[in-house]
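Good morning, and thank you for coming.

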Amino acid sequence: MKQNQTTSLALFCKVVDNYGDIGICWRLARQLEQEHGIAVTLWVDDLLSFQRICPQVELDCLTQQIAGVTVRHWRDQDGVFAANQIADIVIEFFACDIPPGYIAAMAECTPRPVWLNLEGLTAEQWVEGCHTLSSPHPRLPLTKYFFFPGFTNKTGGLLLESSLQQQRQAFLSDPAAATQFLGQLGLTQAEMDSLKLSLFCYPQAPVSELFAVWQRSATPITCLVPEGVAVDAVQEFLGISGQIAKAGMVASRGALSVRVLPFVPQPDYDKLLWACDLNFVRGEDSFVRAQWAGKPFIWHIYPQDENLHHVKLKAFLQRYAADFDSVIQLSLGWNGALNGSAEETIDWVALWGALSADMPKISSATEVWRRHLLENGDLSSNLLKFADTVS
Ligand code: TRH
């Protein structure tokens with residue numbers, strides 16, 4: 001890497017769908033800039049998805065500066081680059097193909113940039129054997145390295161900002177902070193005093209089934225659902241079939257209130273997770289944030305062909321919840337992975353009852369899990385340390 005000069009880094013992000021791809025890249029980009037003083041350029045092909053989690057994004061800008069990061073709209077694979085336009089560290093997220101002209105220019109650089117492929121998160125054991133493996137380019141004098149996030153110290157760890165734990169602690173030890181935050185989202189005092197659940201999942205989650213159980217709960221429950229999530233079940237519960245459920249809409253039946261929230265910026269999403277008693281999360285980034293929140297959570301994993309995701313789900317549950325059959329069974333049911341159970345025969349009352357009964361123990365275990373994860377360091381620092389060793 002260049003000496004005596006700010007290290008530069010280019011991060012290429014293709015949004016496959018939803019918000020996780022850009023969610024992860026944006027988090028990583030900000031952290032590298034703010035905590036490590038790296039000059040980061042984030043190349044992203046979908047500014048609209050980006051804007052949903054970061055309202056400052058302007059849609060018609062080819063290049064813009066946000067929070068110290070240079071954001072470039074990555075519109076095509078064309079383009080000729082000179083060696084002096086190439087960053088010291090180049091990261092492709094999820095094996096997205098970076099522009100051939102960029103790769104050609106990388107080969108012209110002296111020294112060559114460090115080239116990393118940042119992979120998706122999985123708890124499967126094989127990751128430890130593949131983390132940091134090298135892959136020489138078939139034609140050019142370049143080597144790409146695989147970098148895997150993960151749950152053990154033989155992986156790259158998880159994204160974690162240095163101030164997050166302190167912010168969380170401050171929030172949790174100041175009840176007024178939660179009251180103010182939830183109040184801004186429109187919650188009434190009664191909703192704040194109830195069991196609060198946040199719900200972020202993919203469309204196929206059996207949400208109506210759980211709504212039916214929660215309505216019959218002995219104690220009040222408030223379910224907070226971001227706009228655009230669990231659309232059918234929320235519409236049905238609100239009694240507005242065919243209309244779009246908007247932030248601020250709320251309805252109560254039996255013990256359950258369902259309240260639609262706006263899709264909040266990333267830092268507020270952390271607060272939501274901290275403020276709730278149980279979080280339903282999905283994909284990768286919200287899943288990781290739930291673990292840093294240290295509150296019980298249920299994961300809706302991103303679906304893959306041939307139910308490959310069930311293997312990943314089980315690998316994670318084995319690490320996180322081996323002692324809690326209630327978490328395992330409800331998680332499997334939530335993800336359509338309960339062996340031998342047709343969806344309509346699942347006893348949601350029993351699954352929820354078991355989880356509720358275990359909740360105090362699950363809370364303590366989740367806190368222990370959070371502290372255990374902290375021991376692996378944070379992904380950004382681990383990534384930079386590795387880049388140093390191969391530069
Ligand atoms: O949105 P996701 O489903 O994203 C992804 C993508 O589908 C991707 O292709 C796939 O590879 C990956 O999942 C596994 O779920 P995820 O990862 O949790 O990302 C959501 C992001 O949105 C995360 O950064 C948190 C953020 N968010 C907010 O900022 N505000 C909100 O109100 C909510 C609900 C989420």
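A polar side-chain atom of Asn18 lies 2.9 Å from an oxygen atom of the ligand, a polar contact being a pair of N or O atoms within 3.5 Å. Asp17 also places a polar side-chain atom 2.7 Å from a ligand oxygen atom. From Glu284, a backbone N or O atom lies 2.9 Å from an oxygen atom of the ligand. Taken alone, the ligand exposes 710 Å², and the protein buries 96% of that; these accessible areas come from the Shrake-Rupley method with a 1.4 Å probe.

The model is predicted, with local features requiring pLDDT of at least 70 and side-chain atom pairs pLDDT 80 or more, while totals for chains, interfaces and linings use all residues. Residues are numbered from 1 along each chain as its sequence is written, and side-chain values use heavy atoms, without hydrogens and water.

Which residues come nearest to the ligand? Of the 23 around it, they are Asp17, Tyr202, Val264, Asp285 and Ser286, where near means a heavy atom within 4 Å. By class, this shell holds 12 nonpolar, 6 polar and 5 charged residues; Asp, Glu, Lys and Arg count as charged, Ala, Val, Leu, Ile, Met, Phe, Trp, Tyr, Cys and Pro as nonpolar, and the others, Gly among them, as polar.

Why does the ligand lie between the two domains? Domain 1 (8–159) and domain 2 (163–366) both give residues to the shell, so the ligand lies between them. The domain bounds come from an automatic or database assignment.

I turn now to the backbone. Most residues other than glycine have a negative phi, and most peptide bonds are trans. The bond from Thr110 to Pro111, however, is cis, with omega near -10°. Ala67, which is not glycine, has a positive phi, near 50°.

How values were computed. Polar contact = N/O pair within 3.5 Å; in protein donor to acceptor, adjacent residues only side chain to side chain.
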